[in-house]
Amino acid sequence: MAPEKTSDGLDNYAFTVDGVDRFCELPENMNGRGSFSEEGDSNKLAYCVTDIPPWYLCIFLGIQHYLTAFGGIIAIPLILSQGLCLQHDGLTQSHLISTIFFVSGLCTLLQVTFGVRLPILQGGTFTLLSPTMALLSMPEWSCPAWTQNASLVNTTSPEFIDVWQSRMQVLQGSIMVGSLFQVLVGFSGLIGLFMRFIGPLTIAPTISLIGLSLFDSAGMNAGNHWGISSMTTCLIVIFSQYLRHIAIPFPKYSKAKKFHTTKIYIFQILPVLLGITLSWLICYLLTIYDVLPSDPDKYGYLARTDIKGDITGRAPWFRFPYPGQWGVPTVSLAGVFGILAGVISSMIESVGDYHACARLSGAPPPPRHAINRGIGIEGIGCLLAGAWGTGNGTTSYSENVGALGITKVGSRMVIVASGFVMIIMGMFGKIGAIFTTIPTPVIGGMFLVMFGVIMAAGVSSLQYTDMNSSRNIFIFGFSMFTGLTIPNWIMKNPTSIATGVVELDHVLLVLLTTSMFVGGFFGFLLDNTIPGTKRERGIIAWNKAHQNESDNTLESDDVYGLPFGITTCLSSFTWTKYVPFCPTHKVSTQDDPPSSLDSLDTKEPNKDDAHIIVGVAL
């Protein structure tokens, strides 16, 4: 499998498959060039959505997708461990990492098989982190002082176990109840109604504030050793930006060519993993040679790799995560409302990811029934994530979309393989334990890049609006500034909210300390009330590409129809055409005005979008 040659003599990112002459054509953008390479890569796919590559290629690319999402998935339990009072309990952290991998694999299989059916990975979502951390920062859930001191923490004591499990249980219940809203919106078809009122000026502050609101976590981790964290950041930047077009030769064997080499753009595919691994190795060497201080009170101690003891040795080889493993979930009304804000943002992102994924995998635009089903399955995924106790939900991963543009293998069987890989990895306890030995300065260096890219991805939505308009400048600036100012003031003055109703006070406290909610609320309110033309607001550019959805084409049925002959069985019943998530559902064109935002086309890659998608893979 040798890489193709482009006209400029460089190896193409696509894999050339031995013995296969048929390729799928990718849609071109308006300037007639491929949508994911500025050098004009070949506009062909090695495998389309419905194709089945050889089993060894499925496994290889499935592992690659797993590794691509690795950075984002493990970051979530490590951030949550601070709010759950688990900073000094590496073994429980390893269980959380294993659980989130297991659930991500399970949800991926559900989405590819019964959901939108596109080759798109499911994993933890940062949109739920802000409301989650806001809930855990409330006075009643703040960590006791003794849990912050490693010498005072006995991780096996009933008192400590009750401290973190009570917090996890309230997260579980809030996520499970909040996810029911996403299930309802998806399977009822209400997602189209929501999209009519949400444009770039709502998306931009909402997504940007997800990254900005986590600056404290990034700074706190990086500040434990700025040298190590800076090195990690520099490595990730060098790999992802400066070396991304450099191909590295790897050995390969085929019957035709025997042993030979093939070039893979490894730096563009796995920049975060390579950066973390190299920094991790350097910290290990500095630890065994006692370069880093061994005194816990000295600066730089947290850069050592041995501070958590023999976590890998104590972790079980095999551990099967199961629902309710941390106890019976409880529900917090404040937590539910906070989670709802994150769920709405997650749905908006996912609809855009579906269109981007369809374009890069050679599939027709996703019809409405597939979008409805995909959002509904994501809601079920969040329900399962809450039940299993990940402390988070699930969403479609933009990292995965970027990998499709690089490999040009759009087969959903690859994602099925990736789902099985994540499930298997989630059942090996020692794998999760290994990840907990990553020093916090290395994690902080990764956060500096990751959260910055998330923030920039939100700002990039403004490219569809007229930013010469004073109206748009006011809306975006006001939304961003209030999204930072109000939560900061509320956190410093939590007793200022006193309505006399304790439950209402808790709800307001969580919502008003969630930057994403505050900024998104003002963006939504002002954009829909201040007069402005659709072109000025970015509505026309946002919704331009998919005016006509191909609901009834044979190709669309092959891609988005349900498996195992379910679609054929449903077609024999006339009532299924009224069910919004059935493949036989018919939509009247009179009900779809051109101004509708149902398709959220902004996430479809144009000339520059692929770089944004690949960037978000950090």
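Predicted model: local features only at pLDDT ≥ 70, side-chain atom pairs only at ≥ 80, totals over all residues.

I started with contacts along the chain. Counting contacts with a separation of 6 or more, I found that 80% join residues 24 or more positions apart.

Next I looked up the overall make-up. The chain has 26 helices and eight strands. Of its 618 residues, 59% count as buried. The chain exposes about 24700 Å², and carbon and sulfur atoms supply 66% of that.

Then I went to the surface. Which residues form a nonpolar patch there? I got Leu184, Leu190, Leu193, Phe194, Phe197, Phe521, Phe524 and Leu525, with about 690 Å² of accessible area together. Helix H6 (191-195) and helix H21 (515-529) each supply at least two residues of this patch. H21 gives the largest share, three residues.

I picked one patch member to check. Leucine 190 sits in the loop between helix H5 (158-188) and H6. Its relative accessibility is 34%, so leucine 190 counts as partly exposed.

Last stop was another loop residue. Threonine 305 lies in the loop between helix H11 (271-288) and helix H12 (311-314). Buried or exposed, I wondered about threonine 305? Threonine 305 counts as buried because its relative accessibility is 15%, and the cut-off for buried is under 20%. I also listed what threonine 305 touches, leaving out residues up to four places away in sequence: Trp280, Cys283, Tyr284, Thr287, Thr437 and Pro439.

Notes
Residues numbered from 1 in each chain as written. Heavy atoms only, no water. Patch = residues over 30% accessible without salt bridge, like charges linked within 9 Å, V, L, I, M, F, W, Y side chains within 5 Å. Areas by Shrake-Rupley, 256 points an atom, 1.4 Å probe, with all protein chains shown as cover. Salt bridge = Lys/Arg side-chain N within 4 Å of Asp/Glu carboxyl O. Helix = DSSP H or I, 4+ residues; strand = E, 2+ residues; numbered from the N terminus. Buried < 20%, exposed > 50% of the residue type's maximum accessible area, 1.4 Å probe, protein only. Contact = heavy atoms within 4.5 Å.
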